[in-house]
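Subject: Structure handover

Hello,

Here is the structure for you to look through. Please open it first, then read my notes below.

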Amino acid sequence: MSNIYKSENGVFTIEISDDKFSAFLTVSSEEDFISEKDLIEVVEKSEISFGFEEARDLIFSKDIQRNFDQPFPIAIGIKPKDPEIEFSPLFDTDKSYNQAIGNQFHLLKNLPKVNKGEPLAHLFVTKQSKAGKDIFGKEVPPEHYENHLIENYLGENVSYSQERGQIIADKTGYPYMDELPRIHIKSEFVLDKNLDLTFEDMDFFGSMIINGDVIDKVKLKLTGDLTINGNIKDAEIDVNGNIFVDGDIINCKSPGVVASGSISFHAAENSKIVAGDRVKFSKSLQFCRVIAENGLYGNESSGMIVGGVYQSGEHIETAIIGNTGGISTEVEISISPYKKDRMANITKQMNKLKELELENSRDYKELLEEINDLEMHLEEDINSMLKNQDNLPKHIIAYKRVFPATYIRILKKSLHVTEELSRVNFSIINGELTIETY
């Protein structure tokens, strides 16, 4: 106890606790006469202004007897209350990812994994925090608020949804819980060497950075983004995200290099490249099959397309199309080429499952759901095109030259280029395929 106050005659003594949430009165038995005036005087001296009723309630509830020379409560404050939280993970924390796995990617196969947006744990506030009040009438905040306790459970790549009362994955990957305990998502893996046949075929969640080449018929399937600081040679890559290659794509034939997002690289040769968004390149595309849903873009000064077939659902822009050798080169804008290619691949997979009499399998049902969704969106794209076919903002631009033996097509309109053209823009005007120079 500290802060002791006494009346002038020493009959009454008030002791106030260090935390200022309680005060006790002691009445001396040495005096025969007890003055109410003296009691009021010492209370006013102590400046206590709150908690008298709370003290009376305490005395009554616990049947505290008032005796001379023994302290009894005269004022009791209301202590603040921290919130209470109920926390329950939604994955097996004992069999989840741990840092010791490192680049042993085969160990990821049987671990719990989540997609972006999926719940990882229930986290409910079962009791709200409440401010308190000391015996001097001062409001005292709780030590912790709801947000503070919630944040104690949040690690990397997760967030809290108050509406759902859940911890949510911000990225695709492998959930795990540390010793605090906080929930994290392991969503990015780094490999500082070539990805070759010394690794098993990989199919895992999360993003990956490879500081080397991807070679030797490697098969890589990734639910996330892929960054390759090197080349891709003779490999199969399927990414549910974006692909960035600080190098070239060479001899990656069917199924090739596929991404549901964008793909960017320097140059490509003898490869199939399929993107659900854009394809960007800085040097050349030679003898490739390229499909880009939302645009195919080469560097305005150095981008070159030679040989092969190139389709986009939006604009196609590059410096040069074709070459002086008269190599046949097809460049086309069509409706939803990525969706059509994806539907064709799904149909092949479904037919294989049918041959194995696996129509009731989970894989077959997931493919059926995906192809139905693609068909619906394709129909929407076709209807949108039909409504606006007289004013289509789609073009094919060659910033430098187009050589003979080039085949240009925009939707239903096409032409063969029979002479060299410089700085041209192919587009649909008034329903006709038009060539403009600039």
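**The largest pocket**

The lining of the largest pocket holds 18 nonpolar residues, eight polar ones and 18 charged ones. (Nonpolar covers Ala, Val, Leu, Ile, Met, Phe, Trp, Tyr, Cys and Pro; charged covers Asp, Glu, Lys and Arg; the others, Gly among them, count as polar.) The space in this pocket is about 1,800 Å³. The lining has 44 residues, and the closest to the pocket centre are Asp203, Lys221, Asp238, Arg342 and Gln349.

Some terms for this part. The search runs on a 1 Å grid over the protein atoms alone, and a pocket is an open set of points where a 1.4 Å probe fits, with protein on both sides within 12 Å along at least five of seven lines. Lining residues have an atom within 4 Å of a point. Grid points are joined across faces, edges and corners, and the volume is the space filled by probe spheres set on the points. Rolling a probe the size of a water molecule over the atoms shows where empty space is left.

**How to read the model**

This is a predicted model: local features need pLDDT of at least 70, side-chain atom pairs count only at pLDDT 80 or more, and totals for chains, interfaces and linings use all residues. Residues are numbered from 1 along each chain as its sequence is written, and side-chain values use heavy atoms, with hydrogens and water left out.

**Overall shape**

The protein has five helices and 36 strands. Both are DSSP runs numbered from the N terminus: helices are H or I with at least four residues, strands are E with at least two. The C-alpha trace spans about 125 × 50 × 40 Å along its principal axes. The radius of gyration is 37 Å, while a compact globule of 438 residues would have one near 22 Å. (This radius is taken over C-alpha atoms, and the globule rule is 2.2 Å times the number of residues to the power 0.38.)

Of the 438 residues, 43% are buried. Buried means under 20% relative accessible area, exposed means over 50%, and partly exposed is in between (1.4 Å probe, protein chains only). Take contacts between residues at least 6 apart in sequence: 40% of them join residues at least 24 apart. A contact means heavy atoms within 4.5 Å.

**Cysteines**

Cysteine 252 is buried, because its relative accessibility is 0%. Cysteine 288 is buried too, at 3%.

Most residues other than glycine have a negative phi, and most peptide bonds are trans. Now look at these exceptions.

- Leucine 180 and proline 181 are joined by a cis peptide bond, with omega about 0°. Proline 181 is in the loop between strands S11 (174-177) and S12 (183-186).
- The bond from serine 254 to proline 255 is also cis, with omega near 5°. Proline 255 is in the loop between strand S21 (248-250) and S22.
- Lysine 20 has a positive phi, near 65°. Its loop runs between strands S2 (12-16) and S3 (22-27). Lysine 20 is partly exposed, at 38% relative accessibility.
- Phenylalanine 287 has a positive phi of about 55°. This residue lies in strand S27 (284-292) and is partly exposed, at 41%.

Asparagine 425 is in strand S35 (421-429). Buried or exposed? Asparagine 425 counts as buried, at 15% relative accessibility. Leaving aside neighbours within four places in sequence, its contacts include His395, Thr434 and Tyr438.

Serine 328 sits in the loop between strands S30 (316-321) and S31 (329-333). Its relative accessible area is 47%, so serine 328 is partly exposed. Not counting residues up to four places away in sequence, serine 328 touches Gly307, Gly308 and Ala405. From serine 328 to valine 11 is 112 Å, C-alpha to C-alpha, and the two are 317 residues apart in sequence.

Best wishes
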